[in-house]
Amino acid sequence: MSNNNQITGGGIAQLSGLEVFASNTVYGDEVVGFGNPLFSSNIDSATDVGTEEADAPLNAVQTTFTAGFTSNIWYKYHTSGTVYTAIDAPDISGNYARFKGHKDGGTVSFAGIYQKLSGLIIGEEYFITIVVPHGTVAGTIRVKRYYEASGSVVDSGDSISFTMPYATSILTGSFIASTASDIILIDYTTETASEIAQFIYSISIKSKEEYLVPVYAEDVYGNAHKILRRNTGNPVLNT
């Protein structure tokens with residue numbers, strides 16, 4: 001078919017593949033409970049685990065797993081000395097969740113919050129967004145993920161780290177769900193010798209899907225028309 005006959009005078013495609021598509025991003029429902037904003041969450045009253053184990057966050061999550069998790073509420077943990085510097089667990093301060101940090105005698109501290117999610121789709125990608133005050137103190141915010149396997153807690157191994165202060169006030173990352181109820185943990189540590197605090201305003205986790213939709217244009221009369229292209233038969237080159 002010639003180029004002139006691929007599209008009728010009325011703008012109707014007579015060949016498949018002439019439509020022009022644009023990518024449309026759709027975010028799913030929020031899967032974190034009490035995350036946005038954090039100051040209205042249960043962090044102050046959350047069950048707190050103090051740990052001296054080498055893998056402090058894993059030990060905290062395993063301790064809560066053994067005792068029994070409630071989904072979609074926060075739990076918190078802090079290092080209590082020996083292997084790490086002792087530090088207070090996270091709490092609410094004003095409009096933020098406060099994570100304290102301190103390095104003493106060559107050992108750092110860790111303090112964090114964690115939550116068992118629910119309703120995740122196994123194999124689907126989820127995007128996490130953390131909002132912090134811009135230009136805050138030095139340290140590292142980590143996002144770690146765990147899941148249940150054979151009656152125990154397993155570290156997914158796909159930790160995300162943000163070196164603070166960050167370039168923007170919005171920290172983003174993603175993970176692939178291993179189970180319908182993965183456990184997400186956010187903690188803070190610092191190399192600073194005196195005690196300081198990192199603040200977090202909100203934490204959000206949502207699925208993200210991309211759809212292709214036809215592109216339309218509006219004429220001078222306000223009518224919408226699908227945009228089409230002609231197939232010239234030119235080869236597509238890989239560059």
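**Figure 1. Overview of the protein chain.** The protein chain contains one helix and 16 strands; helices (H or I, at least four residues) and strands (E, at least two) are DSSP runs, numbered from the N terminus. The model is predicted, so local features need pLDDT of at least 70 and side-chain atom pairs count only at pLDDT 80 or more, while totals for chains, interfaces and linings use all residues. Residues are numbered from 1 along each chain as its sequence is written, and side-chain values use heavy atoms, with hydrogens and water left out. Of the 239 residues in the protein chain, 38% are buried, where buried means under 20% relative accessible area, exposed over 50%, and partly exposed in between (1.4 Å probe, protein chains only). Among the contacts (heavy atoms within 4.5 Å) in the protein chain with a separation of 6 or more, 76% are between residues 24 or more positions apart.

**Figure 2. The nonpolar cores.** A nonpolar core is a set of buried Ala, Val, Leu, Ile, Met, Phe, Trp, Tyr and Cys residues joined through side-chain atoms within 4.5 Å. The largest such core has 30 residues, and those with the most contacts inside it are Ile130, Ile141, Ile186, Ile200, Ile203 and Ile205. At least two residues of this core come from each of β5, β7, β8 (139-149), β10 (160-164), β11, β12 (183-189), β13 and β14. Another core, of 15 residues, lies apart from it and includes Val49, Phe69, Tyr84 and Phe110. Beyond residues up to four places away in sequence, Ile186 touches residues including Trp74, Phe99, Ile113, Arg142 and Val143.

**Figure 3. Aromatic pairs.** The whole structure holds nine aromatic pairs; rings of Phe, Tyr and Trp (its six-membered ring) pair if their centres lie within 6.5 Å, and planes under 30 degrees apart count as stacked, over 60 as edge-to-face and the rest as tilted. Tyr96 and Tyr201 form an edge-to-face pair, with 6.0 Å from centre to centre and 70° between the planes. Tyr96 belongs to strand β5 (residues 96-101) and Tyr201 to the loop between β13 (196-200) and β14 (202-214), so this pair ties together parts that are 105 residues apart in sequence. Tyr96 is partly exposed, at a relative accessible area of 29%, and Tyr201 is partly exposed, at 30%. The pair of Tyr126 and Phe175 is stacked, with 5.9 Å from centre to centre and 20° between the planes. This pair links distant parts of the chain, 49 residues apart, with Tyr126 in strand β7 (residues 125-131) and Phe175 in strand β11 (residues 170-176). Tyr126 and Phe175 are both buried. Phe39, Tyr96, Phe199 and Tyr201 are linked into a cluster by ring pairs.

Figure 4. Eight salt bridges are found in the whole structure, each defined as a side-chain nitrogen of Lys or Arg within 4 Å of a carboxyl oxygen of Asp or Glu. Arg142 and Asp187 meet through their side chains in a salt bridge of 2.7 Å, N to O. Arg142 is in strand β8 and Asp187 in strand β12, so the pair ties together parts that are 45 residues apart in sequence. Arg142 is buried, at 17% relative accessibility, and Asp187 is buried, with a relative accessible area of 1%. A further salt bridge joins the side chains of Lys144 and Asp155 (3.7 Å, N to O). Lys144 lies in strand β8 and Asp155 in strand β9 (residues 152-155), so parts eleven residues apart in sequence are tied together by the pair. Lys144 is buried, at 11% relative accessible area, whereas Asp155 is partly exposed, at 29%. In the salt bridge between Asp158 and Arg145, the closest N and O atoms are 2.7 Å apart.

**Figure 5. The surroundings of Thr85.** Thr85 is placed in the loop between β3 (75-79) and β4 (91-93). Thr85 counts as buried, at 7% relative accessibility. Neighbours within four places in sequence aside, Thr85 is in contact with Thr79, His102, Lys103, Asp104, Thr107, Val108 and Ser109. A polar atom of the Thr85 side chain lies 3.3 Å from the backbone nitrogen of Asp104.

Conventions. Polar contact = N/O pair within 3.5 Å; in protein donor to acceptor, adjacent residues only side chain to side chain.
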